[in-house]
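Keep the model in view while reading.

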Amino acid sequence: MRRGLAAGNWKMNGTGASLAEIEALTAAHPDPSVDILICPPATLLARMSDAVAGGPVATGGQDCHAAVSGAHTGDISAEMLLDAGASHVIVGHSERRADHHEADADVRAKAEAAMRAGLVTVICLGESLAEREAGRTLDVIGAQLAGSLPDGLTGANAVIAYEPIWAIGTGKVPTIAQIAEVHDFIRSALVERFEGEGDKMRILYGGSVKPTNAAEIFAVANVDGALVGGASLKAADFSPIIAALEGA
Ligand SMILES: O=C(CO)COP(=O)(O)O
């Protein structure tokens, strides 16, 4: 049985005042039956990690550079995230794939960097609307899985997040059948490639997850949690999503 994971990706949102949301979240879930992860902007990571230390909320970065250190202005290494208190890092988010021209090989190198540093890597995959409408969803996901996932992933060091690009921040959510199809496809690919570990890796759904739709999404086989954007910013929104996962 895979333990649920409720992950929040704050993207480019949040300042010191937002730490109050984490205090509220921790107070609301002192002993959760699922794992809780918040990935704040890098500027908040160390402060948030200090604030949640010893409690049930883990913290993560939203991206990392593939190298340990060097002349890469504005970038952050996996080792630096670890040093700031992170246990996880998101790699390959579609906003980075698009805005920073990250290809599958780049995502794979970042996932390898996360493994090297001892971080759990949350590797994001997802098709565009044009790809879905052309009936290419599973081909695209298959290619991303083959190209973005390094060898050596395990249930302990990797999480896969399926985030259809057209569902991110749009309020549009795939049907339950569409979510089930892709999650089953990802599970089969993981089981085939990562012998003995593929069935232990958690697969999150991401894209317009809200308190109102979380329970039906979490009821889908092979959905082990969610990667939540907008609805993770406020404890009042994220808390019922965590509760829905606990009840799944
Ligand atoms: O991109 C996402 C999480 O990484 C999803 O964002 P929203 O939940 O805001 O749609």
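Is Lys110 buried or exposed? Lys110 is buried, at a relative accessible area of 10%. Buried here means under 20% relative accessible area, exposed over 50%, and partly exposed in between, with a 1.4 Å probe and protein chains only. This is a predicted model, in which local features need pLDDT of at least 70 and side-chain atom pairs count only at pLDDT 80 or more, while totals for chains, interfaces and linings use all residues. Residues are numbered from 1 along each chain as its sequence is written, and side-chain values use heavy atoms, with hydrogens and water left out.

Lys110 sits in helix α5, residues 104-117. Helices (H or I, at least four residues) and strands (E, at least two) are DSSP runs, numbered from the N terminus. Beyond its neighbours within four places in sequence, Lys110 is in contact (heavy atoms within 4.5 Å) with Asp63, Cys64, Ala66, Val91, Arg96 and Glu102.

Two of those partners lead to an open space. Asp63 and Arg96 are among the residues nearest the centre of the largest pocket, together with Lys11, Met12 and Gln62. The terms come from a 1 Å grid over the protein atoms alone: a cavity is a set of points where a 1.4 Å probe fits but cannot get out, and a pocket is an open set with protein on both sides within 12 Å along at least five of seven lines; lining residues have an atom within 4 Å of a point. The largest pocket has a volume of about 510 Å³. A volume is the space filled by probe spheres set on the points, which are joined across faces, edges and corners. The lining counts 20 residues. Helix α4, residues 94-99, gives the most to it, with three residues. By class, eight lining residues are nonpolar, six polar and six charged. Here Ala, Val, Leu, Ile, Met, Phe, Trp, Tyr, Cys and Pro count as nonpolar, Asp, Glu, Lys and Arg as charged, and the others, Gly among them, as polar.

Now turn to the annotated residues. The unreviewed UniProt entry gives "active site" at His93 and Glu163. They span 71 residues in sequence, yet no two of their C-alpha atoms are more than 8.3 Å apart, so they gather at one spot. Of these residues, the lining of the largest pocket includes His93. UniProt positions follow the numbering used here, feature names are shortened, and annotations may be inferred rather than shown by experiment.

His93 lies in the loop between β4 (88-91) and α4. At 4% relative accessibility, His93 is buried. Not counting residues up to four places away in sequence, His93 touches Asn9, Lys11, Cys124, Glu163 and Ile168. Glu163 is placed in the loop between β6 and α8. Glu163 is buried too, with a relative accessible area of 5%. Among its contacts outside four places in sequence are His93, Cys124, Ile168 and Leu227.

A further UniProt feature, "binding site", comes from the unreviewed entry and marks Asn9, Trp10, Lys11, Gly169, Ser208, Gly229 and Gly230. These are spread over 222 residues of sequence but cluster in space, with a largest C-alpha distance of 14.0 Å. Of these residues, Trp10 is included in the lining of the largest cavity. Gly229 belongs to the loop between β8 (225-228) and α10 (235-246). Gly230 is found in the loop between β8 and α10. Setting aside residues up to four places away in sequence, Gly229 touches Asn9 and Lys11.

What of the enclosed space? The structure holds one cavity of 30 Å³ or more. About 30 Å³ of space lies in the largest cavity. Its lining includes Trp10, Glu21, Ile22, Leu25 and Phe238. Helix α1 (19-28) supplies the largest share, three residues.

End with helix α8, residues 176-193. At 1.5 Å a residue, its 18 residues should span 26 Å, and its end C-alpha atoms are 26 Å apart, which agrees. The expected span is 1.5 Å times one less than the number of residues. Its buried residues are Ile179, Ala180, Val182, His183, Ile186, Arg187 and Leu190. Their cover includes β5 (120-125), α6 (129-133), α7 (137-148), β6 (158-162), β7 (202-206) and α9 (214-218).
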